[in-house]
Amino acid sequence: MAEESDLEKTEPASERRLEKAREEGNVARSRELSTLVMLGTAIGGLWFMAGSVGGTLERAMRKGLAFERNSALDPMQMIAQVGASIMQVLIAVAPLFFAMAAAALVAPMLLGGWLFSGQAIAPKFNKLNPLSGIARMFSSQSLAELLKALAKSLLIGGVAWWVISRNIEEMMQLMALAPSAALPQAVMLVARDCALIAAALVLVAAIDAPWQLWSYHRKLRMSREDLRQEHKESEGDPQIKAQIRRQQQAIARRRMMSEVPKADIVVTNPTHFAVALKYEDGAMRAPRVVAKGTDLIAQRIREIAAENKVPTLEAPPLTRALYKHTRLGDEIPAGLYTAVAEVLAWVYQLKRWHEEGGQSPRTPTALPVPDELAYNPAEAA
């Protein structure tokens, strides 16, 4: 039972799942919302352009019904006259067509955003399978779309019947008006009635858009196993990542160990910590940490230092402070300048003693380490 529940798609879709669906052309869409936007644009255009469009139609109709002797005797002149009237009407309604074209482009962006995907238009031969087609016809999605279409038809049909029956007398009165007055009023009447009918689509779109969003995200839901698999694919196999991390650490450790022979001094704890320091006068503002480590790494640093005759000094407080407050390649903290300067002075004296002989230099002790830089084992734990 635990395995079955784990495979249930109860988790919301991840960002990667949503992005992949979008690349495939699968986004939330509401046809009712797009229809409402386009219909609203058309009605608004008719409303504001009723006078100009009606006047243009009236002039075209008047000119088309006029009978001239020259036109009757010359068919080409009649054709030219009809073409001119059609062009006149097209120019008058061209702004409305451009507005509707713009609405057709903008409407999809209201839900799901603008998207063009080549995968969405690629042929899918599995859709040619008649069994799959029959299964889709009787699916819950098809049933929901059927019920939605019936409800929409009843709602819009009922509103249309109410609007037309309410304005039937006004429509009949148009026959008593002159064409110059009847056509603009007819266009206005059509726009007003269509606006009332389209108001019913507002309710339909207000229900359909949230439902489409809910249905879209519900289809993309994932199981816990899907999430684990996706995380594994995106982040990589944990075992492989651990192996890569170990290899990187080994490479960094080898690179660090190669710097130990170049160091000027290795300070130790004496057994748990080791830090190698290097200073080049004129090239560095302050001594830098070229290697550091604890336990086995500290032991290896001491061994390499001994093999390459790099001086080693037991200075537990200084070593622990350097280990805590520096990273590889960092300059030492300003608070440790005095202590490290004393150590480097001892190194230079030691080198001169080996070369010239004489009295051996005194090993520095009680090196000053500020309290704020001191290493507290309790804090590390």
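This dialogue goes through several features of a predicted model and how to read them.

Colleague: Which conventions apply to this model?

Modeller: The model is predicted, so local features need pLDDT of at least 70 and side-chain atom pairs count only at pLDDT 80 or more, while totals for chains, interfaces and linings use all residues. Residues are numbered from 1 along each chain as its sequence is written, and side-chain values use heavy atoms, with hydrogens and water left out.

Colleague: Which residues does the "transmembrane region" annotation cover?

Modeller: UniProt positions are given in the numbering used here, with shortened feature names, and annotations may be inferred rather than shown by experiment. According to the unreviewed UniProt entry, the annotation covers residues 36-57, 143-164 and 195-214. In the model, residues 143-164 are 100% helix and 0% strand, with end C-alpha atoms 31 Å apart. Residues 195-214 are 100% helix and 0% strand, and their end C-alpha atoms lie 29 Å apart. Helices (H or I, at least four residues) and strands (E, at least two) are DSSP runs numbered from the N terminus.

Colleague: Which residues make the nonpolar surface patch?

Modeller: Patches are made of residues with over 30% relative accessible area and no salt bridge; like charges are joined within 9 Å, and nonpolar side chains (Val, Leu, Ile, Met, Phe, Trp, Tyr) within 5 Å. Areas come from the Shrake-Rupley method with a 1.4 Å probe, and for residues only the protein chains shown count as cover. Here Val82, Ile86, Met87, Leu90, Ile91 and Phe97 make a patch of about 590 Å².

Colleague: Is Ile91 buried or exposed?

Modeller: Buried means under 20% relative accessible area, exposed over 50%, and partly exposed in between (1.4 Å probe, protein chains only). Ile91, found in helix α5 (residues 75-106), has a relative accessible area of 57% and is exposed.

Colleague: What is the strand order in the open sheet?

Modeller: Two strands pair if DSSP finds at least two bridges between them. The open sheet has 4 strands in the order β3-β2-β1-β4, with mixed pairing. Strands β3 (288-294) and β4 (312-314) stand at the edges with a single partner strand each, so one side of each has no neighbour in the sheet. From one strand to the next the twist averages 20°; axes are lines fitted to C-alpha atoms, for helices over the stretch in contact, and angles run from 0 to 180 degrees between N-to-C directions. Strand β2 (residues 273-278) pairs with β3 in the antiparallel sense over 6 bridges, and Lys278 stands opposite Arg288 in β3.

Colleague: How many salt bridges does the structure hold?

Modeller: Side chains of opposite charge can pair when their charged atoms come close. A salt bridge is a side-chain nitrogen of Lys or Arg within 4 Å of a carboxyl oxygen of Asp or Glu. The structure holds 7 salt bridges. One of them joins Glu259 and Lys262 at 3.8 Å, N to O. Glu259 is partly exposed at 26% relative accessibility, and Lys262 is partly exposed at 48%.

Colleague: Where do Arg288 and Glu331 lie?

Modeller: Arg288 and Glu331 form a salt bridge, with their closest N and O atoms 3.5 Å apart. Arg288 lies in strand β3 and Glu331 in the loop between α14 (316-325) and α15 (337-356), so the pair ties together parts that are 43 residues apart in sequence. Arg288 is partly exposed at 30%, as is Glu331 at 21%.

Colleague: Which helix holds Glu303 and Arg300?

Modeller: Both lie in helix α13 (residues 295-307), 3 residues apart, about one turn of the helix.
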